[in-house]
Amino acid sequence: MAPKRDLEAAKLRRLGIDESMIDGLKKDKEHAERLAKLAANAMSRKAAPLPPGKAPPPQAKKEPEKPAEPAKVGKYRAIDDFNGDDISFEKGATIFVVGEPDSTGMVQGVAGGKAGKLPMSKLRLITPELLEEERIQREKDIEAQRIKDEEELRKEMERLKLEAENTNSAPDSSATTSTGGKSAEQIAYEKELEEKFEKEREELLAEEEKLKAEAARIEAMLAALDDNDEE
């Protein structure tokens, strides 16, 4: 059986939360920032063209050219899958966008260690409001999974109760009581099942709270990727 922490990590991954992806996102962000700086340097090296028929001016003391400002790098959420020639991603991925979209709506982006053109229409800017929406939905998903697991436990308990009851109600059974046709052994068995169910239900509730806390911790680490945007 897999360690409990590994099982919890697997459940979080199914909800789109994976601590192991943080290093990859850091690298994607650095890649996008390098692209922005390279583009700015290329723009700085381009000399403005002279008007037609205009001779170049005599050599004079040149003022040092100010380097162009790097394009802004923004963090976006993929709202749909995309498969391009250079870059591909799934819905829910984090994409680092360099600059503004062109006239066709395409923009330079970085995801999964790859850079390429992608349609801006596939993206939504990651804002505090979006993160809050995602947090609320994620907690609902965690709670829904706990309710589903709890219902499966309950069904299994009822199945075991019925199975034992059918066994004890056979015609040759002499261990029944005058109240409800259940033997003392059956009553004790059902009590044991209910206690076990209650214990496992409490464990599911504890796991739900732990998953929510772990999700919040990882989300805070992801949000920290923006802490050095101004550097």
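In which strand does Pro-119 lie? Pro-119 lies in strand S6, residues 114-119.

1. Basis. The model is predicted: local features need pLDDT of at least 70, side-chain atom pairs count only at pLDDT 80 or more, and totals for chains, interfaces and linings use all residues. Residues are numbered from 1 along each chain as its sequence is written, and side-chain values use heavy atoms, with hydrogens and water left out.

2. Pro-119. With a relative accessible area of 15%, Pro-119 is buried (under 20% relative accessible area, with a 1.4 Å probe and protein chains only). Beyond residues up to four places away in sequence, Pro-119 touches Phe-82, Gly-105 and Met-106; contact means heavy atoms within 4.5 Å. Gly-84 is 35 residues from Pro-119 in sequence, at a C-alpha to C-alpha distance of 9.7 Å.

3. Strand S1. Strands are DSSP E runs of at least two residues, numbered from the N terminus. Five of the six residues of S1 are buried. S1 pairs with S4 in the antiparallel sense over five bridges, and pairing requires at least two DSSP bridges. Arg-77 has Thr-94 in S4 as its bridge partner. S1 also pairs antiparallel with S7 (residues 123-125), over three bridges; there Ala-78 stands opposite Leu-123.

4. Core. The largest nonpolar core has eleven residues, among them Tyr-76, Ala-78, Ile-95 and Leu-123. A nonpolar core is a set of buried Ala, Val, Leu, Ile, Met, Phe, Trp, Tyr and Cys residues joined through side-chain atoms within 4.5 Å. Strands S1 (73-78), S4 (94-98) and S5 (106-111) each give two or more residues to this core. A second, separate core of ten residues includes Ile-22, Ala-36, Phe-96 and Ile-218.

Note on methods: Buried < 20%, exposed > 50% of the residue type's maximum accessible area, 1.4 Å probe, protein only. Helix = DSSP H or I, 4+ residues; strand = E, 2+ residues; numbered from the N terminus.
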